[in-house]
Amino acid sequence: MRYKYCLFDLDGTLTDPGIGITNSVMYALAKYDIVESDRSKLYPFIGPPLKESFRKYYGFSEEQALQAIEYYREYFRAGGIFENKVYEGIPELLGELKRRGVFLALATSKPYEFSVAILEHFNLSQYFDYVGAATMDGRIAKKTDVIMHLLEDLQITDKKSVLMVGDRDQDIDGAKANDLSSAGVLWGYGSLEELQDSGADYLIRKPAELLTLL
């Protein structure tokens, strides 16, 4: 087995959260009298930490961004969390990896509470041995830190045995920062160019292709 551990991003990799996340962002922006009707303009919010995105794309101050996150979570908790769907082929992929004895862990910048609820709602929690996620208070937010904490918590020292799988550049950057191999998936919200430029070790176009790497 080439990789004993497989770390998965959540949004844009296991599930398509486009409607729920963009609706939540729209709700938060409306609190600042910002009306955003083009949903595609909000797709960059899918993946990175929210504070970073509110500041980068709308020029919010630190204080405004933190408040915007609270507004975002109001909508998300009320239903946006499940305006979401599992990508075709993902349950089959996870099931086969488990059958092969691969240790599966989530590594997401979404807070732990929401991540667990999504996995359970879509019957994906059965496949995961560990959930690595961000904290609500922002102490752990960036993918690099999520992965670092995960490796420490699981006491993984053989980093050559770990593969990070995700759809955005921060997934690839987080893997590289922690000396891990990475696979960029092309069914999510990151472009081919984004994943190539960030230095993904592998590029896969459909879930079943991941099996050839393991």
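The exercises below, each with a worked solution, concern a predicted model.

Local features are reported at pLDDT of at least 70 and side-chain atom pairs only at pLDDT 80 or more, while totals for chains, interfaces and linings use all residues. Residues are numbered from 1 along each chain as its sequence is written, and side-chain values use heavy atoms, with hydrogens and water left out.

**Exercise 1. Helix α3**

Compare the span of α3 with the expected span, then find which residues of α3 are buried and what they pack against.

Step 1. Helices (H or I, at least four residues) and strands (E, at least two) are DSSP runs, numbered from the N terminus. The expected span of a helix is 1.5 Å times one less than its number of residues. α3 has 17 residues, and its first and last C-alpha atoms lie 25 Å apart, close to the expected 24 Å.

Step 2. Buried means under 20% relative accessible area, exposed over 50%, and partly exposed in between (1.4 Å probe, protein chains only). By this criterion A65, A68, I69, Y72, R73 and F76 are the buried residues of α3. They cover an arc of only 145° around the axis (taken from the directions from the helix axis to the C-beta atoms), so they sit on the same side of α3.

Step 3. The face turned away from the buried side carries the exposed residues E63 and A78.

Step 4. Contact means heavy atoms within 4.5 Å. The buried residues of α3 pack against α1 (18-30), α2, β4 and α5.

**Exercise 2. Helix α4**

Repeat the analysis for α4 (residues 90-99): which residues are buried, and which elements do they pack against?

Step 1. I90, L93, L94, E96 and L97 are buried. Viewed down the axis of α4, these residues fall within an arc of 165°, so they line one face of the helix.

Step 2. E92 and R99 are exposed on the other side of α4.

Step 3. The packing partners of the buried residues are β1 (5-8), β3 (85-86) and β4 (103-111).

Step 4. After α4 comes G101, with a positive phi near 85°.

**Exercise 3. Nonpolar cores**

Describe the largest nonpolar core and the contacts of L104.

Step 1. A nonpolar core is a set of buried Ala, Val, Leu, Ile, Met, Phe, Trp, Tyr and Cys residues joined through side-chain atoms within 4.5 Å. The largest has 49 residues, and those with the most contacts inside it are F8, F54, L94, L97, L104, F128 and L210. Helix α3 (residues 62-78) contributes the largest share of this core, five residues.

Step 2. Leaving out residues up to four places away in sequence, L104 touches C6, F8, L94, L97, K98, Y127, F128, D129 and Y130.

Step 3. A second, separate core has 15 residues, including A105, L151, V162 and A175.

**Exercise 4. Salt bridges**

How many salt bridges does the structure hold? Then place the pairs D11 and K110, E62 and K51, and R73 and E70 in the chain.

Step 1. A salt bridge is a side-chain nitrogen of Lys or Arg within 4 Å of a carboxyl oxygen of Asp or Glu. The structure holds twelve.

Step 2. D11 and K110 form a salt bridge with an N to O distance of 3.0 Å. The pair links distant parts of the chain, 99 residues apart: D11 is in the loop between β1 and β2 (15-16), and K110 is in strand β4. D11 is buried at 7% relative accessible area, and K110 is buried at 7%.

Step 3. E62 pairs with K51, the closest N and O atoms being 3.0 Å apart. E62 lies in helix α3 and K51 in helix α2 (residues 50-58), so the bridge ties together parts eleven residues apart in sequence. E62 is partly exposed at 35%, and K51 is partly exposed at 31%.

Step 4. R73 and E70 meet at 3.7 Å, N to O. They are three residues apart in helix α3, which separates them by about one helical turn. R73 is buried at 9%, whereas E70 is partly exposed at 40%.

Step 5. D9, K143 and D171 are linked in a network of salt bridges.

**Exercise 5. Positive phi**

Where in the chain do N123 and Q155 lie?

Step 1. Most residues other than glycine have a negative phi. N123 has a positive phi of about 60° although it is not a glycine, and Q155, also not a glycine, has a positive phi of about 55°.

Step 2. N123 is in the loop between α5 (112-121) and β5 (130-134). Q155 is in the loop between α6 (143-154) and β6 (162-166), and at 68% relative accessibility Q155 is exposed.
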